[in-house]
Amino acid sequence: MDKYKPINRKKVEKVLPHIYDITDHIDVISHHGDKTLFRYFEGKELLSMTYGQFAEKVHEVAAAFNAMGLMGEKVVVIGDTSPQWVCAYMAALAAGCVVVPMDKELDIEEIRKFFRVVDARAVVYSKSFNEKFIKSISDNDTEIRYFIPVTPAYDSTFDAKVITFDEVLACGRERIERDGYDYPIVRNRETLAEMLFTSGTTGTSKCVMLCQKNIFAAVNAAVQTVCFSPDDVIVSVLPVHHTYELMCIMAGMVYGMEIDINDSLRHVMKNIALFKPTGLVLVPMFLNTMYKKIWSEAEKNHKDKALKAALKTSKALMAVGIDARRKLFKSVLDAFGGRLDHIICGGAKLNPELIAGFEDFGISVFEGCGITECSPLTCVTPYFARKYGSVGPAVPCCRVRIDEQYGNGENEQGYLEGEIQVKGDNVMLGYYNNDEANEAAFTKDGWYRTGDIGYMDEDGYVYITGRMKFVIVLENGKNVFPEEVEEYLADIETIAECVVLGRKAKDSDEVVLTAVVFPAYDKFPKGASEELIQESIRNSITGMNRKIPGFKQIRQVEFRSVEFEKTTSKKIKRHLVQ
């Protein structure tokens with residue numbers, strides 16, 4: 001099998017409900033009844049929750065939010081992924097609040113500032129914030145009326161502002177039993193429903209405003225285009241405040257899938273083996289880690305030669321129509337629970353060779369792309385018509401075009417490159433209180449400017465080559481997109497992580513293409529000197545340079561001894577690389 005020729009699956013006609021708004025979504029998940037929705041940890045105990053139980057809790061929390069006077073107010077949800085987090089998010093939407101998911105990794109002072117930016121009135125939070133919010137409660141420096149801990153700190157003295165999540169549920173039950181409670185009718189799907197802060201500091205973060213039309217356009221698009229089914233089991237690994245992970249959870253509920261929650265990044269592989277998923281939703285960093293783990297384990301157990309031989313056998317069998325991958329690579333698949341069949345990957349550019357590598361073992365990777373401002377889904381590669389290297393065509397709720405005034409004109413593939421722009425029901429209402437950013441974000445004819453550079457082939461498949469804000473402009477006027485060069489560098493197994501920058505030469509204004517490298521120290525003999533490691537990597541980069549156009553070649557290499565700092569979605573924080 002040619003590793004660059006993907007194995008496409010048979011197209012299946014799907015008959016699934018179209019979700020108009022949050023009440024539609026709750027109605028659909030209610031009908032899944034006694035089917036398991038979540039499996040999750042509370043402490044060391046593994047618990048489960050059915051769709052029916054979850055829908056009942058959403059109803060109770062929404063009724064409580066109404067009784068607490070929060071309709072139309074901003075409700076923040078922050079903390080670790082849990083059924084309660086998702087419940088609070090959905091209940092806030094259903095009760096007519098404006099929900100504000102926040103990054104749990106933010107500094108507490110930054111969180112308090114964001115509270116004031118959105119004028120929040122309530123915050124639902126996980127155990128890790130119990131101590132952090134005590135000062136906010138005692139200082140009374142925000143307009144928040146209700147602090148709602150999912151797991152209260154029983155050794156703390158709460159004041160009247162604190163009401164536990166269980167007490168919120170009880171309040172809602174009492175309201176329903178006494179007066180009844182129906183979700184308010186969503187009369188205008190284009191009313192503000194959700195606010196999200198883009199990554200960055202309070203000075204650079206922008207607050208994205210989404211409506212229910214935006215949110216469920218993306219959910220419906222995900223349901224229509226990805227290769228999931230009601231029988232799937234997935235493990236939630238990524239931070240739930242990200243629209244990517246949250247959209248996939250919401251879409252999974254429409255299918256009626258089981259969603260198991262990973263409790264710690266330290267336990268990812270252990271929990272994947274425990275939960276035995278059939279599918280995963282990941283970012284490229286996790287895929288890289290998983291793939292390296294396969295080969296490092298094989299090498300450690302002296303089975304790498306046998307694994308390579310099995311790959312040759314498998315490809316020979318595939319060439320004559322025999323698929324024996326699940327048997328030949330049982331030991332590999334068992335490390336992921338034994339049932340892993342497909343992975344949806346987004347959030348950053350993915351090396352096509354990595355997709356091919358997983359395909360060799362019988363695990364199909366389907367790449368997509370999106371951005372918070374588009375709720376977030378814009379493109380996804382069809383499971384029945386994949387093209388390696390492409391994020392696929394636009395999803396049904398939107399259109400994509402290429403603005404050719406950016407880029408280097410015609411690329412090596414014969415297509416014109418430019419900025420990727422989007423128009424459709426998934427595109428945000430705008431940025432909150434930021435006219436300047438709104439003006440810059442949209443073209444005069446109303447298309448959202450993603451800031452991604454790429455091209456589109458004759459079938460409408462989109463290929464991303466880089467980000468406009470990271471572009472390196474050379475003296476000859478050529479634009480180099482660092483992500484594209486980093487993809488080549490990623491093929492060098494002795495490089496663990498890298499960032500490509502444009503450095504000014506010491507004695508001129510010439511821009512020197514520079515790779516900042518964190519070596520894969522485990523790929524070298526124990527005790528290998530830094531000199532040997534650096535010389536080896538430089539030699540590998542020299543070999544790589546021969547395969548790419550001259551203006552994209554690395555001219556200078558710098559080394560670092562620690563990993564790059566990353567965001568919660570495991571993207572390297574480029575702006576911190578000096």
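1. In this predicted model, the side chains of Asp-425 and Lys-213 meet in a salt bridge, with 3.9 Å from N to O. Asp-425 sits in the loop between β16 (418-424) and β17 (430-431), while Lys-213 belongs to helix α7 (residues 212-225), so the pair ties together parts that are 212 residues apart in sequence. As for accessibility, Asp-425 is partly exposed, at a relative accessible area of 36%, whereas Lys-213 has a relative accessibility of 19% and therefore counts as buried, the cut-off being under 20%.

2. A second pair to look at lies within one helix: Lys-293 and Glu-297 are both part of helix α10 (residues 284-300), where they stand four residues apart, or about one turn of the helix. The two residues form a salt bridge in which the closest N and O atoms are 3.6 Å apart. Lys-293 is partly exposed, with a relative accessible area of 39%, and Glu-297 is also partly exposed, with a value of 28%.

3. A further salt bridge joins Lys-566 to Glu-563, and here the closest N and O atoms are 3.2 Å apart. Lys-566 is buried, because its relative accessible area of 18% falls under the 20% cut-off, while Glu-563, at 48% relative accessibility, counts as partly exposed.

4. Salt bridges in this model can also link several residues, as can be seen where Glu-174, Arg-175, Arg-178 and Asp-179 are connected in a network of them. How many salt bridges does the count give in total? The count comes to 33 salt bridges, and the pairs Asp-425 with Lys-213, Lys-293 with Glu-297 and Lys-566 with Glu-563 are among them.

Methods. Residues numbered from 1 in each chain as written. Predicted model: local features only at pLDDT ≥ 70, side-chain atom pairs only at ≥ 80, totals over all residues. Heavy atoms only, no water. Salt bridge = Lys/Arg side-chain N within 4 Å of Asp/Glu carboxyl O. Helix = DSSP H or I, 4+ residues; strand = E, 2+ residues; numbered from the N terminus. Buried < 20%, exposed > 50% of the residue type's maximum accessible area, 1.4 Å probe, protein only.
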